[in-house]
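User: Please take a close look at the interface between the two chains. I would also like to see the surroundings into which that interface is set.

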Amino acid sequence: MAVLALVDCNSFYAACEQAFRPDLLDRPVVVLSNNDGCVVARSKEAKALGIRMGEPWFQARQRLGEGGAVTALSSNYALYADMSRRVMRLLARFAPCQEIYSIDECFLDLTGLPEDPGALGRRLRDTVRRWTGLPVCVGIGPTKTLAKLANRLAKQDAGWEGVCDLGACAAADRDRWLAATPVAAVWGIGPRLASRLEALGMRSALDLAGADPRRLQRTFSVVVERTALELRGVPCLALEDLPPDRQQIQCSRSFGAPVTAPRELAEAVTTFVSRAAEKLRAQRSEAGAVSVMIRTNLFAADAPQYSNSLVVGLPEPSADTRVLARAALRGLRRLYRPGFRYAKAGILLLALTPAARHQADLFTPDRSDRGERLMATLDRINRRYGRETILLAGAGLHRRWAMHQANRSPRYTTRWDELPVARC
Amino acid sequence: MSEKKRGRPAGTGRYREPTQVMRVPSSQVAVVRGYLEQLRPLPGAAPEAAVARPVRPPDRRRLLPLMTWPVRAGFPSPAEDDRDDAIDLNELLAPRAEATFLLRVSGSSMTGAGIDDGDVLVVDRSLTADYGRIVVAVVDGEFTVKRLVRRDGKACLEASHPDFPPITLRDDQELAVWGVVTRVIKSV
């Protein structure tokens, strides 16, 4: 039987901050979204204060009396990405096969390893803790869905001490745990699907596991059928060690201050296209179209509202920042209406195709590879000397619209001039 | 565009695009069929995906050196057989990269151990802090660099400078070692 583990970092962003701020250990810490709007991560102590995930920070702060003893930090993605890389590389040492599922969780295939899975889980939990300072929980089971469920148990119930192996449980015990898990908490069952299942009497993971798979397929989908089978211990989902290439690449941000000038909107759109085009080239794709979106602040009820988007097609697919930005700005000029205070803009690269199978346009003059070489050089320079070392002038240098990140911690592990300080 | 279409919706067939009938010499049917087989979308690919999934090349392309020295008539370079990669400082400074962190020194209590203000410390969190080693410890919520020693049966943090007394921990203070200092990077 297969032995799969899901390893997940606890309160990942908050834990990354605490790893370099020992004074914040065991204290309420929250990390705020881009633009310091909403709470996106909470330490255990912040959860205990009743701060909810996704809650607007100004609300939580008022409720707690100017924030109380809570430390609120802007998100520091350079730090989280580096810590994630460390954890994932370390975990990869423990198993022959790894699927990185998100920035803070991965599946490991422990099938056939000589060590007892539970003991191995405890060993890797201790190792990650010691090497990186980050706490993780480990869920183990014969399928991905059960490993995910075991991970949830390990997180919720301190009795497991961070490692839950459903594969080692007696069948009756496993059923008891499945019965205690609401169907909405099962991996792959969203809230809407959950309420439909509940309406049919399937309230727990055990109810879903016991349902007739063929009926589930007819009533819902093959995805729900597979989930039910996986809950019974029948593997339907394999580990994917290479993530599929993205079909669309998006970049959008709220502005730090309302924007009215078209030039500033153009700066923002150019910046977003540059960022997305970099990702596009990293996966060796080209985009056939660019979508542009702008909107005013939906929460400012008394201000005039405007929200619109537009897709601009390209004569032939491209990964050249200049070509994509020109197309996006053409779209922006058509979208823009004066007299509004814009709060957000975004772009989306669409119709992605592999660059290796470029389809030339009959009516466009033969393109040389100079653009490609320029982009490759640009990417290399920016990788080596830091993001936006070289950028399109149209992306702006002052960026009055840029996000508020009033309280970002230093990028402790990626910048020479922001290293943590040791007194002596 | 208002013309009524019959058959399955465009783009949902085997090739995800319109198809047409074509004459092929009998001897070439197998060749064409084999080629079309390759164009078939992989199961699980999104309908709007390209006709085949791209194969992603490995992160670092390794080119096989056919002849890395310019080919000249005459005596071949005697160095060609002994070519080596350049020395990688990480091998020395960060053998366990995942557990290695850099910290900046502020203060002068460790000058006797060769650690000066402004130096960069290489700290390995995977190592066990044995007595006698220089460690980064957490004292009152701050990182402090000191030598971990044992005095009268108690762990204690010792400076390497005559002006600084050792830190003996009060009973309510817990000694937390954050990592072990393995190297000092300094300008000379």
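Analyst: The radius of gyration is taken over C-alpha atoms, and the globule rule is 2.2 Å times the number of residues to the power 0.38. For the 424 residues of chain A, a compact globule would therefore have a radius of gyration near 22 Å, and the 24 Å of chain A agrees with this. Along its principal axes, the C-alpha trace of chain A spans about 65 × 60 × 50 Å.

This is a predicted model, in which local features need pLDDT of at least 70 and side-chain atom pairs count only at pLDDT 80 or more, while totals for chains, interfaces and linings use all residues. Residues are numbered from 1 along each chain as its sequence is written, and chains are lettered from A and ligands numbered from 1 in the order in which they are written.

The predictor assigns the complex an ipTM of 0.79 and a pTM of 0.75. Chain B has a mean pLDDT (the predictor's confidence in each residue, from 0 to 100) of 77, and 66% of its residues reach 70 or more. In residues 41-63 of chain B the pLDDT is below 50, and this stretch has 23 contacts in the model beyond near neighbours in sequence. Two residues are in contact if their C-beta atoms, placed from the backbone, lie within 7 Å.

At the interface, 31 residues of chain B are in contact with 23 residues of chain A. On the side of chain A that touches chain B, the elements giving two or more residues are α4 (77-92), α5 (117-132), β13 (353-354) and β14 (421-423) of chain A. Helices (H or I, at least four residues) and strands (E, at least two) are DSSP runs, numbered from the N terminus. The residues of this side of chain A comprise 11 nonpolar, 5 polar and 7 charged; Ala, Val, Leu, Ile, Met, Phe, Trp, Tyr, Cys and Pro count as nonpolar, Asp, Glu, Lys and Arg as charged, and the others, Gly among them, as polar.

Strand pairing also crosses between the chains: β14(A) runs parallel to strand β1 (residues 100-106) of chain B, joined by 3 bridges. Two strands pair if DSSP finds at least two bridges between them. Within this pairing, Ala422(A) stands opposite Val105(B) in β1(B).

Chain A itself holds 14 helices and 14 strands.
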